Amino acid sequence: MKRITVKRGSYYDSVFLMLATRGLKGLAGVRDAIVAMATPMNAELLSDMGFPAAELDGLGPNDLVVAVDAEDEASAEAAVKEAFDSLTRKKTESAGSGVVRTGSFDAALTLDPDANVALISLPGAYAAREARKALESGLHVMVFSDNVSLDEEIALKRLAVSKGLLMMGPDCGTAIINGKPLCFANAVRRGTIGVVAASGTGLQETTCLIDRYGAGVSQAIGTGGRDMKNAAVGGMTSLLAIEALAADPVTKVLLVIGKPPAPEVAAKVVAALRASGKPSVIHFLGLKPAPDEERVAYAADLEEASLLAALFSEGVPTAEAARSRMAEDTGNDRYGRPDKISIETLAAAEASRLAKGQKWLRGLYTGGTLADEALFMAHAMLGGVRSNNQIDPAWKMTDPLRSEGHVVIDLGDDFFTAGKPHPMIDPAARAERLAKEGKDPETAVLLIDVVIGYGSHADPAGACVPAIREAKAAAASRGGYMPIIASVTGTQADPQGYASQVAALEAEGVIVMPSNYRAALVAVEIARIASEGAVI
Amino acid sequence: MNAKPVLDLFGGELRAINLGLESFAADLVREGAAAVQVDWRPPAGGDRKAIAALDAIAAGTTVDVKKANAEAVRRILAAEPTVIGIGIAKDVVPGMAKDLVLHAGPPVTWEKMCGPLRGAVIGGLIFEGLAKTPEEAEALAASGRIRFDPCHHHDAVGPMAGVMTASMPVWIVENKAFGNKAYCTLNEGLGKVLRYGAYSAEVIDRLAWMRDELAPILVAALERFGPIDMKSILAQILQMGDEGHNRNRAGTSLIIRELAPHIVMLDFPKEKLSKALAFLNANDHFFLNMSMPSAKCSVDAAAGIEGSSIITTMARNGTEFGIKLSGLPGRWFTGPAGVVDGLYLPGFGPEDAARDIGDSVITETSGIGGFAMAAAPAIVKFVGGSPKDAIDVTMRMYEITDAESQSYRIPVLDFRGTPTGINVIKVVETGILPAINTGIAHKNPGVGMVGAGLVKPPENAFRDALVAFAEKYAI
């Protein structure tokens, strides 16, 4: 039986709705369930699914709909009750969090006239409006939401720059301002390195590595993925951030991370870094680093970028001096770069336990930038890797649900997250895929990221454990072995704690490397050995 | 580029306003930063046309809306409503005539009138001697020989059905600061009364007694007493548990206290004076018909200001709810009258209720009534049961108003002024509708009051008004 229950005038955020939907689907006697706002799109969806659409007439995006397809009346009843309970439970729990609540942006500003940052994680269609209001009221803005159009982004950034305000995002998942984590960010030691990043997990990975190297971060500013990449946006936020960090007396070193930028934007960014007079590090993912300048170092990967920045912050004066410091320490020393021999030894030992027919790399990522880092490296070293993030159309996955050959998948991509929470919040989708790839007799190595910190799931490593066991057991039952390589992006001060996440993985036989870069190196080397001679 | 605001951020304390995922605010608080969570809802309930209007107004207007609204609320706050006397409607109310029946709310035809309003019209025609029986009155009302017009088009207001006819006595309230006047009939008490659509002989007889005996006594008393400073009385009643709309016990008591020494001195038979005082004493709502014209002449002073989005009229006729904006004079924006969510007198239930009716929402328009709910703990049952609910109602109204009254203050809110000057832009943007206290009439003519409660006005009236405002003023 299909049944619709409506509660008018109760708006809930999409993440709550999605979690409520998931909760309902697991109930006994419930075939399908949707908890959603009655937007025209959802109404159409429900009527397509055979729910009585007439009951949705006259409803709008402010009205809550619980649609349940249940085996009997009692199950439907229980599901509806659970939906309302779970939504109100969230409200009451958060009521005890010490957060002051108010009904509108203007009222919030009246309550705290000194507010200086607006965090916006609303449906994309509304995010731009609220961002504009916040900028006009003189607040810096961070827009977590995606689905903000390019034109809107340009207009907002022009407005922001004209007022000297930071417009972080859209689609900006992370920042650290004055040591405080915004959205998805880690508890990183405060220090002298100012970070500007057009990539979410790239910012998280570098700030966490900087913390681990004993250095610290003054400010970490997210810009949104299009800021440097799109010539029309022109790096407006990045350039303002660099200028501010250049003038900031606490910041001694600048670190810029992003996807390959538009050439004219890259030129402006480099010029701004030179003009800052502070030693700087640049890393553009998937782009061959330019030769170092005296005070501007070009890093080849996120780990190297973090290392160079940490060395600069210790007072190493030039890029050349930093490089020679790195060359002195190999292996796993503090500033050492991964030692080729030890990586190869580790990979060979793992590969030697593989059964015949185990050939392929399967990278399953929750962090987009981390996936890209692994993808670019693997694609170059293995002669071709399929991915939903591939820039090369020949290698772009036609069906991201089906793996073929070497594969690196970004499970945080829109394809996977439509109507579902991001896998960093809800790791279920990744665990599912991990179990699936583990059962594939052609899988030679599984490569995963575990991103902790604020915003992330309370125990992402633990959430992978059942799937890891399944994968290991499936390989063993075929007479083979399943190497699983991981890295944990996080710090010990994060709510989840770095050490316990690593320990949980190692207890299951997972090899945990100190950075995503190194984890990818090991996994790619295993896959290289395994797939030697195979047709990709 | 100017990087100073960013450097100020780096050098200062992070203070965030969070719109969306609440965990982001909770994390900041956990890390020792200040964060305010906005319980965000789609603006204008997600209505695209209204959102486009909001954006157009925000992008720029031909007249400085902020300045216009500041002037509108300045005038509302500066009003000095004063009762200067009682007159007969046809002598004092502008445009009043024998063949004219005034009613509450926006314009409505006889065909579309709800039960209680039809009943009141029938009673009014009988009272005027224009019809002898209810049947005759109905035929006359339908004949086209009687004109109907909103009280609001004649500087008047009327509670519930709000029917005013030519020979009824009316309060005359003058706004001393601006010189404009407002009129309202005298309150008849509870039970079977004209304003709830009753028209039996008992109702007509009472109206006649009020015209022939009560009004002359009050007129004479007022001549001795002089004008009544309503601003001062309204300020006092908010400190005595009234909100000036659904609770008027303190207001009525104060009026009796002021007038009694003068009434006893009048040259009328003692029995008549006693009957008049007993009538006032038995009718807690006697004061309502004085607070309403006080509110009316206060907000009327703010009408017609070019570029102002302040609401200067809200009214219902039992069929439709309508509002008017200061900057769009002469235009009504209407939606279907709501069903009152309320408590019922013994023997009645929601199935007996007429839809929302009356001009008494002029009190909310001026910043008292439901907006001053926190001042009236005795009637919190109407808004959820606890004094906290009443405070919440008032607190929400600060989010849709532009000013706070300097005169009308609420003790429990540390004598904060009542939320005043409803801005339609804020109403549509936040989706917070004005909180309106009201009585409930029986749906059939002739029965009377069946309950009281809180009513939600139709959102579309506010959105339509905003869209029209944007059409006129957005660049």
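User: Of the 475 residues of chain B, what percentage count as buried?
Analyst: In this predicted model, 60% of the 475 residues of chain B count as buried. A residue is buried if 20 or more other C-beta atoms lie within 10 Å of its own, exposed if 12 or fewer, and partly exposed in between, with C-beta atoms placed from the backbone.

User: What conventions apply here?
Analyst: Residues are numbered from 1 along each chain as its sequence is written, while chains are lettered from A and ligands numbered from 1 in the order in which they are written. As the model is predicted, local features need pLDDT of at least 70 and side-chain atom pairs count only at pLDDT 80 or more, whereas totals for chains, interfaces and linings use all residues.

User: What is the radius of gyration of chain B?
Analyst: Chain B has 23 Å, which agrees with the value near 23 Å for a compact globule of 475 residues. The radius is taken over C-alpha atoms, and the globule rule is 2.2 Å times the number of residues to the power 0.38. Along its principal axes the C-alpha trace spans about 85 × 50 × 45 Å.

User: How many helices and strands are in chain B?
Analyst: Chain B holds 16 helices and 17 strands. These are DSSP runs numbered from the N terminus: helices are H or I with at least four residues, strands are E with at least two.

User: Which domains is chain B divided into?
Analyst: The division gives domain 1 (4-40), domain 2 (59-76 + 301-473) and domain 3 (81-294); the bounds come from an automatic or database domain assignment. The C-alpha centres of domain 2 and domain 3 of chain B lie 22 Å apart. Their contact takes 49 residues from domain 2 of chain B and 49 residues from domain 3 of chain B, where two residues are in contact if their C-beta atoms, placed from the backbone, lie within 7 Å.

User: Which elements supply the domain 2 side?
Analyst: Among the elements of chain B that each supply at least two residues to the side touching domain 3 are strand E9 (311-317), strand E10 (320-325) and helix H13 (362-365). The residues of that side divide into 23 nonpolar, 18 polar and eight charged. Ala, Val, Leu, Ile, Met, Phe, Trp, Tyr, Cys and Pro count as nonpolar, Asp, Glu, Lys and Arg as charged, and the others, Gly among them, as polar.

User: How do E9(B) and E10(B) pair, in the parallel or antiparallel sense?
Analyst: E9(B) and E10(B) pair in the antiparallel sense over five bridges; two strands pair if DSSP finds at least two bridges between them. Met314(B) stands opposite Ile323(B) in E10(B). Both strands belong to an open sheet of four strands with the order E11-E10-E9-E13 in chain B.

User: Changing topic, how many residues of chain A are in contact with chain B?
Analyst: The contact involves 54 residues of chain A and 46 residues of chain B. The chain A side has 29 nonpolar, 15 polar and 10 charged residues. E4(A) also pairs with strand E2 (residues 34-38) of chain B in the parallel sense over three bridges, and Thr102(A) stands opposite Val38(B).

User: Why is strand E10 of chain A described as largely enclosed?
Analyst: Six of the eight residues of strand E10 (residues 190-197) of chain A are buried, so this strand is largely enclosed by the rest of the structure.

User: Which strands run parallel to E10(A)?
Analyst: E10(A) is joined by six bridges to strand E11 (residues 217-222) of chain A and by five bridges to strand E12 (residues 253-258) of chain A; each pair runs parallel. Val196(A) stands opposite Ile221(A) in E11(A), and Ile193(A) stands opposite Val253(A) in E12(A).
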